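Hi,

Here is the structure I promised to send over.

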Amino acid sequence: IARLKVLGEEGVLLLMSESTNATKPGRTPTEHTLQKSFDELIANAKGRVFASIFSSNMNRIQMIINAAVAHDRKVALDGRSMLATAELAVRLGNLKIPKGTLIAMRETVSVPDNKLVIICTGGQGEPGAAMSRMSAGEHQYIKLKRGDSVVISSTPIPGNEISYQQVGDDLAL
């Protein structure tokens, strides 16, 4: 509190802070520590890799794309907000996707399983979102199968616990 008072006296008018996990003791590792995890996951995956994350987390999307490129995998994006946000981020130069890396979802059927990464929405179990449809077996292009690796790269937002768990339950079937 004393430090905040000093900052206020120095002219700081607004403090914006993120509070996820604020009630848990200890420090949360920084986001960049995930790059190694994504790299190892994609390097060791025998089949397709699915990563369901918030479409606004361009830093994490970039990490997954970096790992996919490093292991000679094509990347498909799925989910309306994912596609819209990624398109804007590419145009603004905030997301870098090497030429020839990105493919349309309809093209995923012609890519060998060990050469494909799909980054999609729906990790919170939102009805109609890509991962929710995939886990329920209702996706137009994707039928999950043995050998696929699925990463839900988010923790449930309070209030989403039931739908979040439903995706996990559907994936476990």
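Below is what came out of it, from the overall layout down to single residues.

Bear in mind that this is a predicted model, where local features need pLDDT of at least 70 and side-chain atom pairs count only at pLDDT 80 or more, while totals for chains, interfaces and linings use all residues. Residues are numbered from 1 along each chain as its sequence is written, and side-chain values use heavy atoms, with hydrogens and water left out.

The chain has six helices and five strands (DSSP runs, H or I of at least four residues for helices and E of at least two for strands, numbered from the N terminus). Their order from the N terminus is α-α-β-α-β-α-β-β-α-β-α. Along the principal axes, the C-alpha atoms fill a box of roughly 60 × 40 × 30 Å.

Now the helix pair. α2 (residues 34–44) packs on α3 (residues 58–70) at about 40°, with the axes 9 Å apart (axes are lines fitted to C-alpha atoms over the stretch in contact, and angles run from 0 to 180 degrees between N-to-C directions). That makes α2 oblique to α3, as the angle is neither under 35 degrees (roughly parallel), nor over 145 (roughly antiparallel), nor 65 to 115 (roughly perpendicular). On the α2 side, the contact (heavy atoms within 4.5 Å) is made by Leu 34, Gln 35, Phe 38, Asp 39 and Ile 42. α3 brings Arg 60, Met 63, Ile 64, Asn 66, Ala 67, Ala 68 and Ala 70.

Finally, Asp 170 sits in helix α6 (residues 161–172). Leaving aside neighbours within four places in sequence, Asp 170 is in contact with Ser 135 and Ala 136. Its C-alpha atom is separated by 50 Å from that of Lys 5, 165 residues away along the chain.

Cheers
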